[in-house]
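Here is a short briefing to read alongside the fold.

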Amino acid sequence: MAEIPDSRDESAETGLGDLPQLRVDRPAQGVVRLMLDNPDQRNAMSSAMTASWVRAIELVKQDPTCRAVLVTGEGRAFCSGGDTSWIASEPDAGVDHLRSRMLPFYRAWLSIRSLEVPTLAALNGAAIGAGLCMALACDVRYAADGAKLGVPFTQLGMHPGMAATHLLPDVVGSAAARDLLLTGRIVEADEALRLGLVSRVVERGALADAAVEAAAGMAAAAPVATRLTKLALLHGGHHDLEAGLQWEAMAQPITLATRDLQEGIRAAKEKRRPDFTGE
């Protein structure tokens with residue numbers, strides 16, 4: 001299986017780090033960081049970046065040493081969404097043709113949801129439209145203070161895309177989702193925290209370190225338990241109490257049968273950090 005180079009190793013300065021408009025490195029043990037790198041266009045989702053993203057996600061899936069993924073942006077923006085010049089490039093095209101363009105684009109960026117490891121988006125700046133939706137597809141979101149977030153699709157004359165009508169209600173609830181989608185208004189990080197769009201707001205200069213620390217904490221947890229917990233929480237969790245109990249009555253015994261469970265208990269008794277292996 002392919003392994004993503006460790007950025008702390010001088011021999012790892014090429015390879016995935018050279019993907020067009022996407023930098024990939026390992027800022028901590030078990031953590032792969034995907035850095036959107038198109039700052040002149042506020043990290044808009046260009047064709048080149050999209051292809052790089054698909055490649056990186058596939059390599060992450062194949063890398064057994066990756067236990068968490070961190071997504072962030074280069075420069076002052078996280079991601080300004082789809083490249084509007086590409087979106088509006090075929091004004092005379094038919095609906096079927098345009099649909100055949102948009103679906104693969106959506107699926108390419110939402111492929112991060114197919115990862116079984118925890119994912120964290122560090123919103124270093126503006127996260128707009130499809131860019132915010134990609135962040136919503138991650139498990140956890142941190143934002144820099146002053147970052148602006150919004151889904152102003154209708155203000156551009158288009159219906160929401162990138163699964164906005166599913167992801168936004170799933171994260172913030174239907175009432176807040178209607179507000180944001182129908183008004184298209186942009187909110188700053190503090191309001192985003194109150195709405196539940198993000199779980200933490202951090203001083204801009206401290207965001208990178210805080211996000212790496214959080215991702216490293218996720219990566220250090222027991223891999224089997226983490227993977228099953230992530231699966232349990234997909235689509236807002238189980239639809240009722242009994243469904244949750246049935247899942248947990250199956251999933252928890254799976255983890256009780258692992259060596260990691262024994263290691264976790266020993267580490268707690270010995271007051272040390274556990275060394276989980278995924279076994």
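Helix α9 and helix α10 (residues 241-256) pack at an angle of about 165 degrees, and their axes lie 9 Å apart. Angles over 145 degrees count as roughly antiparallel, and α9 and α10 are therefore roughly antiparallel to each other. Please keep in mind that this is a predicted model.

**The α9 and α10 pair**

- The crossing of these two helices, α9 and α10, is right-handed.
- On the α9 side, the contact is made by V224, A225, L228, L231 and A232.
- On the α10 side, the residues in contact are W247, A251, I254 and T255.
- Sorted by class, the contact of α9 with α10 holds eight nonpolar residues and one polar residue, with no charged residues.

- For the model, the count comes to 14 salt bridges.

**The α1 and α3 pair**

- The crossing in which α1 passes α3 is left-handed.
- Here M49, T50, W53 and V54 in α1 meet F105, A108 and W109 in α3.
- The contact of α1 with α3 has six nonpolar residues, one polar residue and no charged residues.

**The α5 and α6 pair**

- Helix α5 (residues 164-172) packs with helix α6 (residues 174-183) at an angle of about 135 degrees, and their axes are 7 Å apart.
- Are α5 and α6 oblique or roughly antiparallel? Roughly antiparallel takes an angle over 145 degrees, and α5 and α6 are therefore oblique to each other.
- The crossing of α5 and α6 is right-handed.
- From α5, the contact draws on A164, T165, L168, P169 and V172.
- From α6, S174, A176, A177, L180 and L181 take part in the contact.
- By class, the contact of α5 with α6 counts eight nonpolar, two polar and no charged residues.

**The six-stranded sheet**

- Six strands make up an open sheet with mixed pairing, in the order β1-β2-β3-β5-β7-β10.
- Which strands stand at the edges of this sheet? They are β1 (22-28) and β10 (200-202), each with a single partner strand, so one side of each is left without a neighbour in the sheet.
- Neighbouring strands of this sheet are turned against each other by 25 degrees on average, direction ignored.
- Strand β7 (residues 140-144) pairs with β10 in the parallel sense over three bridges.
- If you look along that pairing, A144 stands opposite V202 in β10.

**The four-stranded sheet**

- Another open sheet has four strands, ordered β4-β6-β8-β9, and its pairing is mixed.
- The edge strands of this sheet are β4 (77-79) and β9 (187-188), each of which pairs on one side only.
- Strand β6 (residues 126-128) and strand β8 (residues 148-150) run parallel and are joined by two bridges.

Conventions: Residues are numbered from 1 along each chain as its sequence is written. This is a predicted model: local features need pLDDT of at least 70, side-chain atom pairs count only at pLDDT 80 or more; totals for chains, interfaces and linings use all residues. Side-chain values use heavy atoms; hydrogens and water are left out. Axes are lines fitted to C-alpha atoms, for helices over the stretch in contact, and angles run from 0 to 180 degrees between N-to-C directions. Angles under 35 degrees count as roughly parallel, over 145 as roughly antiparallel, 65 to 115 as roughly perpendicular and the rest as oblique. A crossing is left-handed if the near helix is turned anticlockwise from the far one by less than a right angle, and right-handed if clockwise. Contact means heavy atoms within 4.5 Å. Ala, Val, Leu, Ile, Met, Phe, Trp, Tyr, Cys and Pro count as nonpolar, Asp, Glu, Lys and Arg as charged, and the others, Gly among them, as polar. Two strands pair if DSSP finds at least two bridges between them. A salt bridge is a side-chain nitrogen of Lys or Arg within 4 Å of a carboxyl oxygen of Asp or Glu.
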